[in-house]
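Subject: The structure I promised you

Hi,

Here is the structure for you to look through. Open it up, and then read on for what turned up in it.

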Amino acid sequence: MKGKLLLCLATAGLMLASAKSYSLDLFQSAMAGNTELKAGQYQVELVDQKAVISRGKLHVENAVTVGTADQKFPATTVVLGESNGKSKIQEIHLGGTNTKLVFAE
């Protein structure tokens with residue numbers, strides 16, 4: 001019984017450790033879903049097909065489609081579009097990986 005508990009705890013620890021956080025700089029305000037993010041530095045991580053963007057007490061979750069690019073991205077970058085006169089996050093490219101997070105329209 002104790003062996004199974006330790007195995008479960010070890011597995012949970014590995015899952016938490018695998019949720020890598022990436023530094024994200026916004027140089028202008030942008031919408032992430034229905035939330036406006038002010039210019040500044042944020043952390044972003046992928047958790048269960050959701051992009052979790054955080055800064056201090058602010059935590060914003062958005063459903064994303066995970067895509068793969070042909071080459072690794074040299075830095076974490078944001079692709080912005082415009083909707084209703086406001087900048088909106090369309091994609092986040094995770095630096096050091098070939099993973100891109102595509103936000104739903």
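A quick definition to begin with: two strands count as paired if DSSP finds at least two bridges between them. Strands themselves are DSSP runs of E with at least two residues, and they are numbered from the N terminus.

Also, keep in mind that this is a predicted model, where local features need pLDDT of at least 70, side-chain atom pairs count only at pLDDT 80 or more, and totals for chains, interfaces and linings use all residues. Residues are numbered from 1 along each chain as its sequence is written, and side-chain values use heavy atoms, with hydrogens and water left out.

Let's start with strand E4 (residues 40-47). On one side, E4 is joined to strand E1 (residues 21-26) by six bridges, and the two run antiparallel. E4 also pairs with strand E5 (residues 50-55), again in the antiparallel sense, over five bridges. Gln43 is a handy landmark here: this E4 residue is the bridge partner of Ser23, and Gln43 also stands opposite Ser54 in E5.

Now have a look at Ser54, which is found in strand E5. Is Ser54 buried or exposed? Ser54 is buried (under 20% relative accessible area, with a 1.4 Å probe and protein chains only; exposed is over 50% and partly exposed is in between), because its relative accessible area is 16%. Leaving aside neighbours within four places in sequence, Ser54 touches Tyr42, Gln43 and His59, where contact means heavy atoms within 4.5 Å.

Next, the turns. The hairpin of E4 and E5 has two residues between the strands, and Asp48 there takes a positive phi near 50°. Gln49, in the loop between E4 and E5, has a positive phi of about 65° although it is not a glycine. With a relative accessible area of 47%, Gln49 is partly exposed. Further along, Asn84 is in the loop between strand E7 (77-83) and strand E8 (86-93). Asn84 is another non-glycine residue with a positive phi, near 55°, and at 79% relative accessible area Asn84 is exposed.

Finally, charges over rings. The rule asks for NZ of Lys or CZ of Arg within 6 Å of the ring centre and within 35 degrees of the ring normal. Which ring does the charged end of Arg55 sit over? That of Tyr42, at 5.0 Å from its centre. Lys20 lies over the face of Tyr22, also 5.0 Å from the ring centre.

Happy exploring!

Conventions. Helices (H or I, at least four residues) and strands (E, at least two) are DSSP runs, numbered from the N terminus.
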